[in-house]
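Trainee: Please take me through a few features of this model and show me how each one is read.
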Amino acid sequence: QSDSWVFDELYHAGKIELELVPQGNLACRIQAAGMGLGAVFTPTGFGTLLAEGKETRYIDGKDYVLEYPIKADFALIKAHQGDRWGNLIYRKSARNFGPIMAMAADVTIAQVSEIAELGQLDPEHIITPGIFVQHVVAVNAGQGEAA
C-alpha cells in the first residue's frame, strides 16, 4: 500500500492531524520554540482559511494571526562539520532549518560529514553552539557509512 493511502486512512480515522503552515510561519514558530516564546503574531495567513479559528489582532495598522510555537522531542539534523561538543558548521541549504530545529528540540542528533578536533573549528563560522546538540554522529561523506 502507498504511503499516501496510509496517511489518508489514519487522517480520516482521526488518529493523526494535518495542519497546513506557510514555510515562513513554520520557521517563525520553530524559532519561537527555540527562544522560549509563548507565541508570535504574523500577518501571513490573515483572512484565509489558515487563520480560521485562530486569534487575530490589529497591531500598528496591520492585521495579524496568533501562531503557537512548534517544539520537537527530537531533531535529526545534518551539518558539514562538527566537534564532539556539538558545535556545528553547515553548508548551503542545511543552514535553513538545522540551526532553529536544534534550538527547538529537547534532544538534537547531528549527522556530520567531518568531525573536527576540539578548538579546530573557527568560532566565527560555528552556527549552532554545542549547548543545543546532545549527540554527534560522523558519517563518511564518500561512503555513506557511519564512522
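Trainee: Is Lys-92 buried or exposed?

Mentor: Buried means under 20% relative accessible area, exposed over 50%, and partly exposed in between, with a 1.4 Å probe and protein chains only. Lys-92 counts as exposed because its relative accessibility is 70%. This is a predicted model, in which local features need pLDDT of at least 70, side-chain atom pairs count only at pLDDT 80 or more, and totals for chains, interfaces and linings use all residues. Residues are numbered from 1 along each chain as its sequence is written, and side-chain values use heavy atoms, with hydrogens and water left out.

Trainee: Where does Lys-92 lie, and what is its phi?

Mentor: Helices (H or I, at least four residues) and strands (E, at least two) are DSSP runs, numbered from the N terminus. Lys-92 is in the loop between β5 and α3. Most residues other than glycine have a negative phi. For Lys-92, phi is positive, near 50°.

Trainee: What is the phi of Asp-60?

Mentor: Phi of Asp-60 is also positive, near 50°. Asp-60 sits in the loop between β2 (56-59) and β3, and with 80% relative accessibility it counts as exposed.

Trainee: Which residues does Phe-41 touch?

Mentor: Contact means heavy atoms within 4.5 Å. Leaving aside residues up to four places away in sequence, Phe-41 touches Glu-55, Arg-57, Ile-59, Tyr-64, Val-65 and Leu-66. Phe-41 belongs to strand β1 (residues 40-42) and is partly exposed, at 29% relative accessible area.

Trainee: How is the order of strands in the open sheet read?

Mentor: Two strands pair if DSSP finds at least two bridges between them. The open sheet of four strands runs β5-β4-β6-β7, with mixed pairing. Its edge strands, β5 (88-89) and β7 (135-138), each pair on one side only. Strand β4 (residues 72-83) pairs with β5 in the antiparallel sense over two bridges; the bridge partner of Gln-81 in β5 is Ile-89.

Trainee: Which residues of helix α3 are buried?

Mentor: In α3 (residues 94-104), the buried residues are Gly-98, Pro-99, Ile-100, Ala-102 and Ala-104. Their cover includes α2, β4 and β6 (105-116).
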